[in-house]
Amino acid sequence: MANAGLQLLGFTLAFLGFIGSIACTVMVEWKASSYAGDNIITAQAMYEGLWKSCVTQSTGQIQCKVYDSLLQLPGIVQGTRGLMLSAILFSFIAMLVAVVGMRCTTCMGQQPEQKDKMALAGGIIFILAGLLALVGTSWYGHRIAQDFYNPFTPTNSKYEFGSALFVGWGAACLIIIGGGFLCCNCPTKGSGKSPRYPPTRSAGSTGKDYV
């Protein structure tokens, strides 16, 4: 039988990762302007996200601009958008499936084996969602690092990792770990042999009656 406490822990971790992936997707600070090697103190900081770019002045004023055209966006932005949105969608589906299969819910209470299979399916979908989020954030981060170390990139055009990437990496790890906990509760083959014990005991008792 599956451990309800371990299932609840896995679902909680995956749910926190689901919230973190949503926050990561809507955040602007996917990459932040870098002035490494530049002695000039600038009065503004630039940030770029998946949906818009922002400029923060030294006075505290923030100006943001939503990307005008989808087709003019770089392929890295379009691909990361698709991966992150897919991760959020898969996480939502996994939540619905896992809730049905968890031992702390009453749904399908008369079918424990099917209930464990639903929990296992939810864990697998969670792991898939976490991998999608991990691939999206890692791909975007790799492109930032590649442009940063490119000698042909101007100093004032270099970017560093933004806070959204760290949130995304943490959320992806939580989703994968939570899905792994749900997968650890898969039904064992030994559980199906337990109904055979009562017939063997009854057979022994009938043998004593004949003696």
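The expected span of a helix is taken as 1.5 Å times one less than its number of residues. Helices (H or I, at least four residues) and strands (E, at least two) are DSSP runs, numbered from the N terminus. The model is predicted: local features require pLDDT of at least 70 and side-chain atom pairs pLDDT 80 or more, whereas totals for chains, interfaces and linings use all residues. Residues are numbered from 1 along each chain as its sequence is written, and side-chain values use heavy atoms, with hydrogens and water left out.

The protein contains 5 helices and 5 strands. Along the sequence their order is α-β-β-β-β-α-α-β-α-α. Of its 211 residues, 32% are buried. Here buried denotes under 20% relative accessible area, exposed over 50%, and partly exposed the range in between (1.4 Å probe, protein chains only). The accessible surface is about 12300 Å², and carbon and sulfur atoms hold 65% of that area. Accessible areas were computed by the Shrake-Rupley method with a 1.4 Å probe; for residues, only the protein chains shown count as cover. Contacts (heavy atoms within 4.5 Å) were also counted. Among those with a separation of 6 or more, 66% link residues 24 or more positions apart.

Helix α4 comprises the 21 residues 163-183. At 1.5 Å a residue it should span 30 Å, and its end C-alpha atoms lie 31 Å apart, which agrees. Its buried residues are Ala164, Leu165, Gly168, Ala171, Ala172, Ile175, Gly178, Gly179, Leu182 and Cys183. They cover an arc of only 160° around the axis, so they sit on the same side of α4. The arc is that of the directions from the helix axis to the C-beta atoms. These buried residues pack against α1 (4-26), α2 (75-101), α3 (112-148) and β5 (159-161).

Leu174 also belongs to α4. This residue is partly exposed, at 29% relative accessible area. Beyond its neighbours within four places in sequence, Leu174 contacts Leu13, Ala14, Leu16 and Gly17.

Two strands pair if DSSP finds at least two bridges between them. Strands β1 (residues 31-33) and β2 (residues 44-48) run antiparallel and are joined by 2 bridges. Ala32 stands opposite Tyr47 of β2. Strand β2 also pairs with β3 (residues 52-57), again in the antiparallel sense, over 5 bridges. Gln44 has Gln57 in β3 as its bridge partner. Together β2 and β3 form a hairpin, with 3 residues between them. In a regular strand, side chains alternate between the two faces of the sheet.

The structure holds 1 disulfide, defined as a pair of cysteine sulfur atoms within 2.5 Å. The bond joins Cys54 to Cys64, with an S to S distance of 2.0 Å. The link of Cys54 and Cys64 is right-handed, with 105° about the S-S bond. It connects distant parts of the chain: Cys54 lies in strand β3 and Cys64 in strand β4 (residues 62-66), 10 residues apart. Cys54 is buried, at 6% relative accessibility. Cys64 is partly exposed, at 42% relative accessibility. Cys184 is in no disulfide, and its nearest cysteine sulfur, that of Cys183, is 7.2 Å away. Cys184 is exposed, with a relative accessible area of 55%. Cys24 is buried, at 0%.
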